[in-house]
Structure formats: C-alpha cells, structure tokens
Amino acid sequence: MELGPGGQTMKLSPGEGEEFGYVLSGQVTVMVGETRARARKNESFCYEPSAPHKLVNTGKTPCKVIWV
C-alpha cells in the first residue's frame, strides 16, 4: 500500500493472529491501542492485533508498505 504524507489506514478492530509489515520507502508509525512504533525504509514490524490498530505516515514523503 502507499500512504501520502499524513495519510492513514482505517482503524481496524482487534483480531487474532499476527500482522507483519515491511517498509519499502518512507516511514510509517504503527499504532496498536496506546502503543506506537515507527518503522523506516528497509525495516519491518510485527504485532498481535489485540487492540484497535492502524498505520499512519508521519513522514514528509509518501511511504510504501507491504502489510500482511
């Protein structure tokens, strides 16, 4: 997916399993409940979606992310 500066995904409901992402360009902030973590180009992230969650582009350039 691609998110422009300030762009974000819909807030998703909690679920089972795990979610994984890899940042191809830019940076993204992963928000799970009250927890926030930033991932930059060539970094990955993984979390259990035990709370509402979403991705936000907090950078100044578009970001591209593979999110599974």
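This note walks through the predicted model above, point by point.

1. **Ground rules.** The structure is a predicted model, in which local features need pLDDT of at least 70 and side-chain atom pairs count only at pLDDT 80 or more, while totals for chains, interfaces and linings use all residues. Residues are numbered from 1 along each chain as its sequence is written, and side-chain values use heavy atoms, with hydrogens and water left out.

2. **The overall plan.** Start with the secondary structure: the protein has 0 helices and 7 strands.

3. **Size and shape.** The C-alpha trace spans about 30 × 20 × 20 Å along its principal axes. The radius of gyration is 11 Å, which agrees with the value near 11 Å for a compact globule of 68 residues. That radius is taken over C-alpha atoms, and the globule rule is 2.2 Å times the number of residues to the power 0.38.

4. **Inside and surface.** Of the 68 residues, 37% count as buried. Buried means under 20% relative accessible area, exposed means over 50%, and partly exposed lies in between (1.4 Å probe, protein chains only). The protein exposes about 4300 Å², and carbon and sulfur atoms supply 52% of this area. Accessible areas come from the Shrake-Rupley method with a 1.4 Å probe; for residues, only the protein chains shown count as cover.

5. Among contacts with a separation of 6 or more, 65% are between residues 24 or more positions apart. A contact means heavy atoms within 4.5 Å. As for charge, the mean positions of the 8 positive and 7 negative charges are 14 Å apart. Lys and Arg count as positive and Asp and Glu as negative, with His and the chain ends not counted; the place of a charge is NZ of Lys, CZ of Arg, CG of Asp or CD of Glu.

6. Which strands sit together here? An open sheet is formed by 4 strands in the order 1-7-2-5, with antiparallel pairing. Strand 1 and strand 5 (44–47) stand at the edges with a single partner strand each, so one side of each is left without a neighbour in the sheet. Two strands pair if DSSP finds at least two bridges between them. As background, strands of a sheet pair through backbone hydrogen bonds, either parallel or antiparallel.

7. **Phe45, a residue to look up.** Is Phe45 buried or exposed? Its relative accessibility is 9%, so Phe45 counts as buried. Leaving aside neighbours within four places in sequence, its contacts include Tyr22, Val28, Val30, Ala39, Leu55 and Trp67. The C-alpha atoms of Phe45 and Val30 are 8.2 Å apart, although the two residues are 15 residues apart along the chain.

8. **Strand 3 and its partners.** Strand 3 (residues 27–32) is mostly covered, with 6 of its 6 residues buried. Gln27, Thr29 and Met31 point one way, while Val28, Val30 and Val32 point the other way. Strand 3 is joined to strand 4 (residues 35–40) by 6 bridges in antiparallel fashion, with Gln27 opposite Arg40. In the hairpin of these two strands, which has 2 residues between them, Gly33 takes a positive phi near 60°.

9. **Strand 6.** Strand 3 also pairs with strand 6 in the antiparallel sense over 4 bridges. Met31 stands opposite Lys54, and Val30 stands opposite Leu55. Strand 6 (residues 53–56) is covered on both faces: His53 and Leu55 on one side and Lys54 and Val56 on the other are all buried.

10. **Two spots to check by eye.** Asn42 lies in the loop between strand 4 and strand 5 and is exposed, with a relative accessible area of 51%. Its phi is near 70°, a positive value in a residue other than glycine. Most residues other than glycine have a negative phi, and most peptide bonds are trans. Met1 belongs to the segment before strand 1 (2–3) and is partly exposed, at 43% relative accessible area. Not counting residues up to four places away in sequence, Met1 touches Thr9, Leu55, Cys63, Lys64, Val65 and Trp67.
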